[in-house]
Amino acid sequence: MSNLLRRGASYSARIRVPVDLVEVIGKTELVKALGTKELSEAKRRLHPQMQMWHLEFEDLRARKSLTKDDDAAAAWSHYNQTLADDEAARVNLPTEGDVQAAKAEAVATVQAEGLDLTDRLAMLAATVGFQAKQNAADFNSAMRKAKLADTRANLIKGEMTPIADDVNEFLRANRLYAAPGSPEWVGIARAMMRGGIEGLQRTLERDAGDYAGEPRDQLVRPASGRRRASAKPGETIMDLFAIFTRENPSGVAVDRLHQMRRDIGTFVELVGASFPIASISKVEVRNWKQLLVKYPVKATETNVFAGMTISQIVKANEKIGKPVIADRTVNRYLSSLGAFLSWAVDNGYVNENVTLGLALKKETKTTTLPFNTDQLKALFASPWFAGCQSDDEWRKLAKPGNFLIRDHRYWLPLIMLFSGARPAEIGQLAVNDVRQQHGHWIMHVTTEGDETTQGKSVKTEGSMRVIPVHPELIRLGFITYHETRVREGGTALFPGAVRNLRGQMMADVSREFGRYLTRIGLKTGRGLSLYSFRHGAADALRRGGFLDQQFGFILGHTEKSMTGRYGIMPQGMLEQRVELVNAILYPGLNLDHLVLDKIK
């Protein structure tokens, strides 16, 4: 079946309930609205929802397998409930004042009605209220003694009917599943009866004023293992994360939100889909961190780990031996959960952010290096730009041939080289985001304007900005390419630029560009990547005599502004930006050979 369902104009996700869980869930299919009418956005939202359903299925399967901790939890719960019920009953027992008031009322009734004191029935009717209050404590104690005797007898005989309702309520409240009469169900019932017996014994001790008693039954203790606590409906960790993403208090980019969802999803794999957010402690986060430091690189993209949880992946990798993620990546996972928990603190779901202080010591980060002149010459003379063997197979891009790439893959490095813009910012440009203003061509990096099929996002609201088009890009034919897209129609400037299943724009180009550098011999180890162009643009601006604080807004390092949002600015302000961008120069780099190519 297709997991994407269109209902009217909107899209929903759907999934078949596994056969073994149909009885538990009560449905054969689950459907959830994705809250969008756009197919591309629906596809981006589908993957997280499918992942969440699979987590819930695994959580439910785990809750069908009851453990000794569940028995202990049931016994301890019923023990405490028995004591709580007894305390509530004692609070409601008549006081001595109530007894005396009832006695006075009975005497007044006898005198007012002139009853015959030898008439037992009449006297009983007149004094029944007084006697009930006078004997309430003794009657309550007798009832508890009788219940204790009955419970012991039923435990010996294996008669579970009297406690069945309590068992089913405990299972329901804790989202545990056991068929009535099954060994698991009977185990919970017997545990609760033992807890009840201990509780009733304490109540009889209280009749003598002794409140210091402790359970003698070794089962009736707080569960030593981690309780499989259950969140309230609509308040699971991922339910609340959905609210967090809608509010997006810090205005982070959509790509980062998707990344946070994936990061936190591994934590949910560990604690369970129904684990309540209020129960998250440093213990759970610490255990998660200890798994993350052993978590293999790109585990979710590796077939051998398909369908495994984080714990299973780490266990399997002990034999496989794939490289594990870097410490800074572990800290990114912790940062994702930490940002979410900070919001949860502000909104009263938890009392503290338990991720604080758990980050690993920051490692020395490998610096992204800018390309030097010789490397730039070699790169722009290589098959990616000068002609390759095939334009539809990544591995053949490094082999010389007659295919000229002139789509987003060609323009992305060049635009980064002469603007410092981020790959995703370039890939999401709409045709009308490139236009003339005050006689200058500009690129408007924004979430506003025409909506493309791939959607728009920026790293932060301050990343929305106007970037003048560099003269070298115009010389190389960028505006000619733009005119071609205007004639062809469509909103996207680069229709071939797409997001991956994680919602990341240009992720495939970024990944393959690094591999390409290795194939053509420009890269050994780390240091050079697609982001080397961004660093090179910053260095070029410094060579032009500008300070970092003077050109930060060109790179998107600034506070949000209305100019950035709407892309309209005074001519003087635009002239200053033109001056900045025109200062991005690379002495010794000649791209004349690219100008000669006709762009179709």
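Me: At what angle do helix 10 and helix 13 pack, and how far apart are their axes?
Reply: This is a predicted model, where local features need pLDDT of at least 70, side-chain atom pairs count only at pLDDT 80 or more, and totals for chains, interfaces and linings use all residues. Residues are numbered from 1 along each chain as its sequence is written, and side-chain values use heavy atoms, without hydrogens and water. Helix 10 (residues 254-271) and helix 13 (residues 327-346) pack at about 100 degrees, with axes 9 Å apart.

Me: Why is helix 10 called roughly perpendicular to helix 13?
Reply: Angles of 65 to 115 degrees count as roughly perpendicular. The angle here is about 100 degrees, so helix 10 is roughly perpendicular to helix 13.

Me: Which residues make the contact?
Reply: Contact means heavy atoms within 4.5 Å. Among them are Arg256, Met260 and Phe267 of helix 10, and Arg332, Tyr333 and Phe340 of helix 13.

Me: What makes Phe244 and Trp343 an aromatic pair that is edge-to-face?
Reply: Rings of Phe, Tyr and Trp (its six-membered ring) pair if their centres lie within 6.5 Å; planes under 30 degrees apart are stacked, over 60 edge-to-face, the rest tilted. The whole structure has 24 aromatic pairs. Phe244 and Trp343 sit 5.8 Å centre to centre, with 65 degrees between the planes, so the pair is edge-to-face.

Me: Why does this pair tie together parts apart in sequence?
Reply: Phe244 lies in helix 9 (residues 237-247) and Trp343 in helix 13, so the pair links parts 99 residues apart in sequence.

Definitions and conventions
Axes fitted to C-alpha atoms, helices over the stretch in contact; angles between N-to-C directions. Helix = DSSP H or I, 4+ residues; strand = E, 2+ residues; numbered from the N terminus. Parallel < 35°, antiparallel > 145°, perpendicular 65-115°, else oblique.
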